[in-house]
Amino acid sequence: MKIKGVDAKSILDSRKEKTIFVSIKTAVGNFSASAPNGKSKGKFEEKPYKKSLEEDIKALKNLSDYFSEENINYFEDLKRIEDIVKGHIGANTLFALESAALKALAKEKGKNVWQLINENAGKSKISCTTKSETAPSRRTEKDFVGARKIPRLVGNCIGGGEHTNIEGKKPDFQEFLLISKAKTIKESFEKNKEIKKSLKIDLKEKDKNFKEKKNDEEAWITSLNEKEILDILKKHSSVNLGLDVAASSFYKRKKYHYYNPLLDRTSEEQLSYLVNLIKNFNLFYIEDPFEEEDFESFSKLLKKFPDRLIVGDDLIVTNPKRLEKAIEKKAINAVIVKPNQCGSLLEVAQVCEIAKKNKIKIIFSHRSGETEENILGDLAFGFEADFFKCGIEGKEREAKIQRLIEIEKDLKNFKEV
Ligand code: 2PG
Ligand code: MG
């Protein structure tokens with residue numbers, strides 16, 4: 001495939017902030033993709049733009065002619081694109097450019113984007129999940145397809161922290177997550193929506209300040225604190241419960257500063273507080289429980305709870321080196337993958353490979369400022385993510401979940417290769 005030209009412009013994300021939209025031209029048509037924006041960003045993330053969004057747009061336009069000199073035929077050929085743009089654009093622009101290129105290549109080859117990444121995505125778990133089967137040769141195609149692994153949904157239902165821009169009381173933790181136990185994405189999505197809807201009634205009853213408002217990720221805004229929220233959530237036994245503490249966002253001068261209620265916690269106090277929450281509310285998933293440089297405290301928590309997911313987001317920032325460090329320090333057993341934290345899909349591939357080799361669970365994730373871009377579904381399935389973290393409502397979140405539902409549906413008719 002030859003890229004005949006590249007263009008870019010700025011569009012608005014779900015928070016009405018500017019983000020990048022890239023389009024490319026090939027022999028079979030025009031293809032485009034956009035990038036999201038984070039708010040509670042890790043300080044080790046790559047910069048979204050080299051100098052500014054506008055400068056990145058100019059840079060891409062200036063480089064437009066160089067792309068036609070390269071042949072892009074496989075996922076790995078993204079390296080050729082990266083060689084052209086290296087040093088000229090930031091991570092958001094690179095992510096949108098590579099995504100547009102993959103969409104074009106998929107069209108040219110008559111495939112899905114996920115197939116460009118891994119034609120056999122999801123197959124590896126077959127022997128573990130289909131207990132009644134012994135030899136692979138005895139399986140029918142239907143059994144084989146049915147056993148393909150699809151990620152589990154992680155849905156943000158109530159939120160606080162930096163994603164909730166209000167005066168007055170709000171939870172200090174950023175996200176309260178529902179992790180479905182249902183078999184399919186479709187059922188999980190329905191379940192998450194049902195629980196989220198029912199929470200409106202609970203919040204009305206328990207929170208006198210509740211105004212039925214939603215935050216950046218369309219999660220409910222409440223003035224309740226984390227314990228009061230978990231008290232409401234714990235009755236939902238059809239889901240596992242999780243938290244994105246996003247601890248870096250309230251860590252300053254060696255302390256975690258809580259506002260609801262007002263108190264400071266040292267790292268040790270933060271650890272024992274989280275240990276209590278995990279035990280009392282049987283939490284299954286805890287993301288960024290400590291600030292982004294404190295690998296040691298992550299390790300202490302993982303040692304106490306090897307059977308829960310101790311997840312690194314700001315700690316890892318989709319960076320292979322930071323992931324290796326976390327593995328060496330036994331700091332996490334699950335990693336968030338946000339492609340625009342690094343921009344390069346080749347680096348995303350590296351992160352996923354390291355994670356798989358070391359039995360670290362992979363969680364593909366949206367950002368708080370999103371667009372209707374849905375390639376995240378293909379990336380998650382192609383890289384065999386274990387979980388897919390997204391909101392529960394709003395067209396930007398739904399677009400991504402719907403893409404996964406579509407993949408799930410297609411798999412039923414999918415011819416093995
Ligand atoms: C996170 C993300 C997404 P942001 O912390 O996990 O929920 O937030 O995109 O603001 O970094
Ligand atoms: Mg996070």
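The model is predicted: local features need pLDDT of at least 70, side-chain atom pairs count only at pLDDT 80 or more, and totals for chains, interfaces and linings use all residues. Residues are numbered from 1 along each chain as its sequence is written, chains are lettered from A and ligands numbered from 1 in the order written, and side-chain values use heavy atoms, without hydrogens and water.

**Strand 7**

- Strand 7 spans residues 239-244, and six of its six residues are buried. Buried means under 20% relative accessible area, exposed over 50%, and partly exposed in between (1.4 Å probe, protein chains only).
- Strands here are DSSP runs of E with at least two residues, numbered from the N terminus.
- In a regular strand, side chains alternate between the two faces of the sheet.
- V239, L241 and L243 point one way from strand 7. N240, G242 and D244 point the other way.

**Partners of strand 7**

- Two strands pair if DSSP finds at least two bridges between them.
- Strand 5 (residues 175-180) runs antiparallel to strand 7, and six bridges join them. One pair of bridge partners is L177 and G242.
- Strand 11 (residues 285-287) runs parallel to strand 7, and three bridges join them. Here D244 is partnered with E287.

**Ligand 1**

- Ligand 1 is surrounded by 15 residues. The closest are K39, H163, E175, E217 and S368. A residue counts as near if one of its heavy atoms lies within 4 Å.
- A polar backbone atom of S40 is 2.9 Å from an oxygen atom of ligand 1.
- The side chain of E287 has an N or O atom 3.1 Å from an oxygen atom of ligand 1.
- For the side chain of R367, the corresponding distance is 2.8 Å, again from an N or O atom to an oxygen atom of ligand 1.
- Taken alone, ligand 1 exposes 310 Å², and the protein buries 100% of that. Such areas come from the Shrake-Rupley method with a 1.4 Å probe.

- Three strands form an open sheet in the order 8-9-10, with antiparallel pairing.
- Strand 8 (251-252) and strand 10 (262-265) stand at the edges. Each has a single partner strand, so one side of each is left without a neighbour in the sheet.
- Two bridges join strand 8 to strand 9 (residues 255-259). K252 stands opposite K255 in strand 9.

Methods. Helix = DSSP H or I, 4+ residues; strand = E, 2+ residues; numbered from the N terminus. Polar contact = N/O pair within 3.5 Å; in protein donor to acceptor, adjacent residues only side chain to side chain.
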